[in-house]
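Welcome! Open your viewer, get ready to select residues by number, and follow along one stop at a time.

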Amino acid sequence: MGSFEKQWQKWFPEDQDKKKGGSAASRTSRILWTLGILIVVFIIISVSKGFYTDWLWFSSIGYGSVFTTILWSRILIFFIATIIFTILFAGNLFLATRLVPKTDNSLWPWALVKRLQPAIRTGVIIVTLFLSLIFGLVAQSNWEVILLALNWQPFGIVDPVFQKEVGFYVFSLPFLSLLRGWLTGAFIVCLIGSAGVYAVSYGIQRLKFNYARPVMIHLGGLFIIILGFFAWAYWLGIWDLVYSSRGVVFGASYADMHSKLPAQWILLAVVILFIILVIFSIVRRNYRLILYGIGAWIVAAVLVGTVYPAIIQRFQVQPSELAKETPYIKYNIDFTREAFGLNDIVEQPYPANDTPSPQDIAANEVTISNVRLWDHRPLKDTFNHIQSLRPYYDFNDVDIDRYTIDGNYRQVMLSVRELSAEKLPEEAQTWVNRRLLYTHGYGITLSPVNEVATQGLPVLMVKDIPPVGKIKIAQPGIYYGEKTNNYVIVNTETQEFDYPAGDENVYGSYEGTGGISLNGFFRRLMYAWEMGDFNILISGELTSESKLLYHRNIQQRVNHLAPFLMLDRDPYITVMDDNLYWIQDAYTVSDRYPYSTPLPNGLNYIRNSVKVVIDAYNGDVSFYIADPEDALIRTYQAIFPDLFIPMEQMPDELKSHLRYPEDMFNVQVQTYLTYHMKDARVFYNKEDLWEVPREVYFGPEQSMDPYYIIMRLPEEDMEEFLLMLPFTPANKKNTIGWLAARCDGENYGKLLAYSFPKEEWVDGPSQIENRIGQDTVITEQLALWGRGGSTVLRGNLLLIPLGESILYVEPVFLQAEGGGLPELKRVIVAAGEKIAMTPSLRESLAAIFGQETPVVEEPDITPPVEVKPETPVTNDIAELIEQAQAHYEKAQEYVQDGDWAGFGKEWDALQEVLEKLAELTADK
């Protein structure tokens, strides 16, 4: 008997064990089992609680099948992966324990092992379960990859190099790579575990591969399987060449196809030869050959896989790069354009004449009357000052849309009055107030984009609480919005605050269909645990009719329902059937589209495949398929058949408010700047790179953002709602063209690119900004305001195509010292060589185009000003000032009436008075 075992018997004599009713090993085993069972039970209850509450939530909005599809898929994948790993790991450990020598010549004291067998067995089981749990969780976390591989739909496009359907790269290849990686990791862990058993058994000091042949066959077999997975990796790496960044463009290049591709096959052959060498080494018991084989493999990987492609790239490709890479450049251009939807852009010329004519202004009066003067940043501040009405209301964002109001097609800006419970006074921050009383926002504020009331404030077409105005809103409650990040409970003993009415408040109860019933102790217990809020369980305010509303943030709500969709950053509110609905654009994306140049975030495929509509009162969510030709959305539809709705079922009134999403447009713009070049030679030489223009916006210079506009496209009969952005050549400031996305009716989603004649120079936005800065009249006025303590804020510069020429418009805001309300004070208009800044768009147009400018019907609510009769010019300064004011106000009246002759007369009289005033003040 070994000395170690004798010492153990001194520490734990058998008679003492018997007196205590069992061995120490048995007691340890029981303790471990008890702890393990308690931990497992707690985990199961916690996870089950989450499953239960999630199932209730999904079912409450009609998507229980989506939840069960994801849940059962993850459970099935988890158990399959767990069982496979358990069999592999436990089986290899079991085999290892059977192959180790069971004599006192080994490190193991086998008498001791027999005594500790229950504890050892328990420890092995715990380790096996722990590792199995990890591998099962890793597998189930990739449920989306697996389901996509099992349900994928074709793109209908074949790659030009390997002749594989694009769906193979997007769906199948990620799954094969996942499977290979998972199995490789599992067998490596099995090898480590088995080797550990043998190492302990034989002794660390004897680790010289002097193991018995069965042991070496076992370890060698595991090593050979792992090598087989490395060979599989080289085979999969052949298809990964379509994602290569070695050449001048993304995707397989000349060097890849003529060096890297052969290298992959060579390295695959090297691994197979290495497997044969391992088998030979085990048979001959010459294990040094394995080390030589590893060394040879590394050398081959470096020389064949790295050095050889680099040599081909340097000495064959670079000396004649264009000739070698031309076909691969074409592949990249074609697939990048397809991946980002650029092939759908219809390109056509645009004359871009020097300046619009007065007839162009008259012919495009709907466009002129819908020019966006208000900017979302000052308008949001203004809404919060004049329409929040209570400190706990907040306007979070300003959206742009269009409505037919009083028979006119109008572009408007609107914002939702959401509840910000965190703005309640500190003493009012109680559980009842935040969860039961203050539950929802109320209504919207809406104003036209071009109208200005007195004091430079916006005209409000929908305002106040309850909302009144041009658009009727029957149910203004906002229970689901952009700021509704907390849960609330409705239909309790505490009536909800509905809206303020003078010095009193109006209270009511929720009458919608949203929420989960809290009827019963068990549900309240589960949700108290889920929300971490004990009050849900013990509050006496809750009744059998009470309902819990959570996941109320609309983006969080959509993400929870469809985590595989990427969401646009800007959901927007709309009115349909006198009720409020949110529209959220959603994208299907991939980073596995072959040959397509990826964005900075790695994505190289995108489609605006889904329009999500969320009821702001009930919380109902509808997923409409906007792009049924997209293979990704068709695949998700195959996985979740009850989730998506055909676009044909969307109400027409809702369709009339769909917008082409800005995020999608920005992605396409950034790609189109380079990929408008379709010729491989032009692309290679970067002869025609474009840039997004820059503008002065609220102080600093920045890149222009896309903007919505109502205008009539060339050769079209009617004005329509568009999203557009101009372009400039790289490193130049002239405008080269513009891209527009149509938003109305059957034309929704169509992209149009208009290119200016390259032989003509058209001033770009930054040049217009420079001209504004160089205009002495404008700069003096802006400087005068600045010296008076006010802050001058210049809004978005808009390029507006009119007829066959363009017009630039930029609003100017004035903010009083100390952060007062931004007021729209001036409008700058530039056309051709002319530029003007006056208090209104109509006056600026009149200043540029003169009295010949036809009447432009533009609503105006500025109250009429009583003007004193004209008086002769005198030498009294006070009287001169009054005359100047009277001439100016009368001129404004003539502008409003479209009387350009009267405007000219009054303007001349004003100049005469100002000159006289200047003479008198100079003399004094």
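Predicted model: local features only at pLDDT ≥ 70, side-chain atom pairs only at ≥ 80, totals over all residues.

## A tour of the rings

Select residues 10-21, where pLDDT stays under 50 and the model has eight contacts beyond four places in sequence. Then try residues 852-873: pLDDT stays under 50 here too, and the model has 53 contacts beyond four places in sequence for this stretch.

Now for the aromatic rings, which form 53 pairs. Select F85 and F135: their ring centres are 4.3 Å apart and their planes meet at 10 degrees, so this pair is stacked. Zoom out and you will see that the pair links distant parts of the chain, with F85 in helix 4 (residues 64-99) and F135 in helix 6 (residues 117-140), 50 residues apart.

Next, pick F229 and W232. This aromatic pair is tilted, with 6.4 Å from centre to centre and 35 degrees between the planes. Both residues lie in helix 9 (residues 213-239), three residues apart, or about one turn of the helix. F229 counts as buried, at 12% relative accessibility.

For a group view, select W152, F155, F171, Y328, Y331, F335, Y593, Y595 and Y605, which ring pairs link into a cluster.

Finish with two charges. The charged end of R314 sits over the ring of F315, 5.6 Å from its centre. Over the ring of Y487 you will find the charged end of R435, 4.1 Å from the ring's centre.

Methods. Residues numbered from 1 in each chain as written. Heavy atoms only, no water. pLDDT = per-residue confidence, 0-100. Contact = heavy atoms within 4.5 Å. Phe/Tyr/Trp six-rings, centres within 6.5 Å; stacked < 30°, edge-to-face > 60°. Helix = DSSP H or I, 4+ residues; strand = E, 2+ residues; numbered from the N terminus. Buried < 20%, exposed > 50% of the residue type's maximum accessible area, 1.4 Å probe, protein only. Lys NZ or Arg CZ within 6 Å of the ring centre and 35° of its normal.
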